[in-house]
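Please keep the sequence and the coordinates at hand while reading.

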Amino acid sequence: MKVEKNKVVSLTYELIVDGQLADKADENRPLEYIHGTHMLLPKFESEVEGKEPGETFAFTLTPEEGYGTFDESRLIDLPKEAFTVDGVVRDDLLVVGQIIPMISDTGNVVQGTVYKVEENSVTMDFNHPMAGKTLNFTGKVTEVRDATEKELAEGLHHHCHKHGGDDECCHDKEGGCCKDKE
């Protein structure tokens, strides 16, 4: 079976950025996604489209094909007081490179990276951590199967819920709840 729209694809990969291993998925923990549903970068999906289990891939994504170029306008200066918790500025969090979840103007949680710390202000970087980076992928398609109707409607990895006590629900490859089958 070939990688195409609405197929569940499992693959392994290594991502090399700036000569360093930045991310990987191995056979014990492969990346799984539904192809053609915009879960991954479009160029990544187009590079694996048509491949079958066992086929390997190696490709490079430019910053424009990946997470975009570095945008200086996404560097935002904030007063140090913005990092106050219980009346105290959390200087321990204000370390260059530290990722801090923050609330946007629209109330959404966004990840910001401490870019620069000065006496009275902190510059936060709201670019994607891989913005401006060239992404070098190598890997192998390990499995391709049809997505179930439930997976197409709800997504591949469903949110788990509780069954009475403290038991977490798990989901099988068909998208059903393991606890319901016990």
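By class, 10 nonpolar, 3 polar and 2 charged residues make up the lining of the largest pocket; here Ala, Val, Leu, Ile, Met, Phe, Trp, Tyr, Cys and Pro count as nonpolar, Asp, Glu, Lys and Arg as charged, and the others, Gly among them, as polar. The model is a predicted one, in which local features need pLDDT of at least 70 and side-chain atom pairs pLDDT 80 or more, while totals for chains, interfaces and linings use all residues. Residues are numbered from 1 along each chain as its sequence is written, and side-chain values use heavy atoms, with hydrogens and water left out.

The space in this pocket amounts to about 340 Å³. Among its 15 lining residues, M102, I103, S104, V110 and F126 are the closest to the pocket centre. Two or more lining residues come from each of β5 (75-79), β8 (99-103) and β9 (109-117), and β8 gives the largest share, 4 residues. A pocket is an open set of points on a 1 Å grid over the protein atoms alone where a 1.4 Å probe fits, with protein on both sides within 12 Å along at least five of seven lines; lining residues have an atom within 4 Å of a point. Grid points are joined across faces, edges and corners, and the volume is the space filled by probe spheres set on them. Strands are DSSP runs of E, at least two residues, and helices runs of H or I, at least four, numbered from the N terminus.

The largest nonpolar core has 19 residues, of which L11, F44, V48, F57, L135 and F137 touch the most other members. Such a core joins buried Ala, Val, Leu, Ile, Met, Phe, Trp, Tyr and Cys residues through side-chain atoms within 4.5 Å, buried being under 20% relative accessible area with a 1.4 Å probe, protein chains only. β1 supplies the largest share of this core, 5 residues.

Definitions and conventions. Buried means under 20% relative accessible area, exposed over 50%, partly exposed in between (1.4 Å probe, protein chains only).
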